[in-house]
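Student: Please take me through this structure. I would like to know what stands behind each label that is used.

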Amino acid sequence: MPELVFFSGTMDCGKSTLALQIEHNRSARGLKGMIYTRDDRAGEGKLSSRLGLVTDAVEAGAGFDLYGHLVGHLSQGGRCDYVIADEAQFLAPEQIDQLARIVDDLGMDVYAFGITTDFRTRLFPGSQRLIELADRIEQLQVEALCWCGARATHNARTVGGEMVVEGAQVVVGDVNRSAEEIGYEVLCRRHHRRRMTSASSHAGALSPDVLPVNGG
């Protein structure tokens with residue numbers, strides 16, 4: 001049976017690399033896929049990984065009808081055996097509904113890849129809808145690490161190396177940008193809560209939380 005599968009993780013977990021691997025493996029078997037993406041770091045209409053691999057994709061911007069686009073492609077004699085949707089966290093909930101409709105009405109597997117939560121630890125609307133609708137949710141096994149060596153579970157937005165917790169939910173950046181630019185860093189929950197990035201950790205020693213002491 002065809003499935004809507006959501007591959008989720010932090011921004012540094014290799015999700016786009018896996019998307020490209022799935023595309024390569026299926027195309028090598030003679031299958032033809034449709035790739036959608038939105039706001040990829042490599043630019044409009046691109047699916048890129050941090051390993052430097054890039055392929056063309058269809059940009060699914062605001063108001064773009066994924067189901068309608070695919071039906072149009074098929075009605076004009078095009079072929080499609082499966083769908084890949086990268087940066088799915090940026091898709092609107094109604095676009096996630098369209099992905100589910102592709103599975104149910106067209107009988108195709110849809111592989112969606114996305115970050116679950118934003119820099120404020122809030123669910124992206126697209127990711128929330130995928131959690132609600134997906135037949136299967138796969139946590140990516142490539143383990144991202146915080147600067148302290150612990151497992152990274154949270155995404156942090158940085159400006160000048162300092163973590164920020166206010167601003168628009170979607171600002172395209174990268175983990176490889178200079179400290180003066182808007183960038184992103186993956187942190188463990190402990191250091192995300194303390195707003196301690198790799199840059200700020202060098203400014204002073206980590207102090208433990210002070211436990212309340214009740215006088216008796």
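**Labels and their cut-offs**

Tutor: A search of the whole structure finds zero disulfides, a disulfide being a pair of cysteine sulfur atoms within 2.5 Å. This is a predicted model, in which local features need pLDDT of at least 70 and side-chain atom pairs count only at pLDDT 80 or more, while totals for chains, interfaces and linings use all residues. Residues are numbered from 1 along each chain as its sequence is written, and side-chain values use heavy atoms, with hydrogens and water left out.

Student: Is Cys146 called buried or exposed, and why?

Tutor: Buried means under 20% relative accessible area, exposed over 50%, and partly exposed in between (1.4 Å probe, protein chains only). Cys146 has 4% relative accessibility, so Cys146 counts as buried. Cys148 has 35%, so Cys148 counts as partly exposed.

Student: What makes Leu123, Ile131 and Ile137 a nonpolar surface patch?

Tutor: Like charges are joined within 9 Å, and nonpolar side chains (Val, Leu, Ile, Met, Phe, Trp, Tyr) within 5 Å. Leu123, Ile131 and Ile137 make a patch of about 230 Å², with areas from the Shrake-Rupley method and a 1.4 Å probe; for residues, only the protein chains shown count as cover. Leu123 has a relative accessible area of 36%, so Leu123 is partly exposed.

Student: Where does Leu123 lie?

Tutor: Leu123 is in the loop between strand 7 (109-115) and helix 4 (125-133). Helices (H or I, at least four residues) and strands (E, at least two) are DSSP runs, numbered from the N terminus. Thr121 is found in the loop between strand 7 and helix 4. Thr121 has a positive phi of about 70° although it is not a glycine, and is partly exposed at 33%.

Student: What is the phi of Asp39?

Tutor: Asp39 has a positive phi of about 60°, although it is not a glycine. Asp39 lies in the loop between strand 2 (33-37) and strand 3 (46-48), and its relative accessible area of 30% makes it partly exposed.

Student: Why is strand 9 called largely enclosed?

Tutor: Strand 9 (residues 154-159) has six residues and five of them are buried, so the rest of the structure largely encloses it.

Student: How do you know which strands pair with strand 9?

Tutor: Two strands pair if DSSP finds at least two bridges between them. Strand 9 has six bridges to strand 11 (residues 182-187) and three to strand 10 (residues 162-164), both in the antiparallel sense. Val159 stands opposite Ile182 in strand 11, while Arg157 faces Val164 in strand 10. Strands 9 and 10 form a hairpin with two residues between them, and Gly160 in the turn has a positive phi of about 60°.

Student: What makes strand 10 and strand 11 edge strands?

Tutor: The open sheet of three strands has the order 10-9-11, with antiparallel pairing. Strand 10 and strand 11 each pair on one side only, and are the edge strands.

Conventions:
Patch = residues over 30% accessible without salt bridge, like charges linked within 9 Å, V, L, I, M, F, W, Y side chains within 5 Å. Salt bridge = Lys/Arg side-chain N within 4 Å of Asp/Glu carboxyl O.
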